[in-house]
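I opened a notebook page for a structure I had not looked at before. My entries follow in the order I made them.

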Amino acid sequence: MSGCGGAKTSDDPPTIGFVSQNTSRDFSREMSEGFRAGAAIAGGVKTEVTGPDTHDGLKQAELLRDLATKAKGGIGLSAVAPELVAEPMAQVIEQGIPLIAVGGGQVAPGSGVRLLIENDNYELGRMLADAAAEKLPPDSAGKVVIGSNSPAMPALDQRAAGLRARLVERFPKLQVIGPLDTGRDLPANLATWQRLADANPDALALLGAGDVDAINLAAVHAEKNARWLAAAFSLDMKALQGVKDGHLFASVSAEHFLKGAVAGWLLAEHAKNGRALPEGWLVAPGLVVRESNVDEIIHRQAGETNRLEAARPHIDALTAEPAKNLRPLDQVR
């Protein structure tokens, strides 16, 4: 990667930056907060964080170009659509500015990026399926509906694929439907899950691949006093309350705060000390939130200080010896 050598930037202190997927959704704000926190742990740098109001890949490209005029010490970017930002990412790297991908599910060919900090999203899907298996009879033969609030988004597609494959593996008699497009907009997503619930009253479970899915599945389950199981992926407080109230049997966290924090720490250390950035896919852990640990996670999510305290051991582990958690970029899933 251009700009990943030992030379420090001319900034005093150097500035590093982050481009989030958006500034309106809980998961994206968490990643931005994590980036600032990770940079603060390292110290010795200034930070600039930006992002579009909503999911907008073209606006992300514009914001990245602007940020590159200020954050010469390095930039992290969480892509809405990796292919839309591949060219501007390559241009930033050609300027000698280190650039790493955070989340987004993949690195687009031609971007020149050599480090991605991301979950194994296929494995996260399997984790949710295994949590479902704790609630379903071993010989289950009914219907399970899978929805995704952002189909064609690499991370969510991989979650849905892992979820589906693991369900079929563990329950050969199941009829697994989807993933179906449930819509990214909160009201439209709610209406879609209401229709799916009405159309499948005999379903064993309705499962989502995204954060909006989690919020609205909890609401629909409560509204209908449903007997089917529900779960998805989110740490939004409405989703966590859904777990606490029994309307979601689980909600899987992609630990976005942690991913952002690791990115901020690595870029800060590179910018101020010339510490080499790792290359490859740095695999971040996920977390299953269920009845047994939901109170702990609600407390953790109540404020940035709590989140940082809980994340600090994982930040230290991932940054002290990143090679232990590295895989080749061509294996990202």
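Which side chain does a polar contact of 3.5 Å join to that of His-55? I found Gln-21; a polar contact is a pair of N or O atoms within 3.5 Å, one able to donate a hydrogen and the other to accept it, and residues adjacent in sequence count only if both atoms are side-chain atoms.

I noted that this is a predicted model, where local features need pLDDT of at least 70 and side-chain atom pairs 80 or more, while totals for chains, interfaces and linings use all residues. Residues are numbered from 1 along each chain as its sequence is written, and side-chain values use heavy atoms, without hydrogens and water.

His-55 sits in the loop between strand 2 (46-50) and helix 2; helices (H or I, at least four residues) and strands (E, at least two) are DSSP runs numbered from the N terminus. The side chain of His-55 also makes a polar contact of 3.1 Å with that of Asn-22. His-55 has 16% relative accessibility and therefore counts as buried (under 20% relative accessible area, 1.4 Å probe, protein chains only).

Next I looked for aromatic pairs (ring centres within 6.5 Å) and found one. The ring centres of Phe-18 and Phe-35 are 5.1 Å apart with planes at 25°, so the pair is stacked (planes under 30 degrees apart). Phe-18 belongs to strand 1 and Phe-35 to helix 1, so the pair ties together parts 17 residues apart in sequence. I noted both Phe-18 and Phe-35 as buried.

Technical notes
Buried < 20%, exposed > 50% of the residue type's maximum accessible area, 1.4 Å probe, protein only. Phe/Tyr/Trp six-rings, centres within 6.5 Å; stacked < 30°, edge-to-face > 60°.
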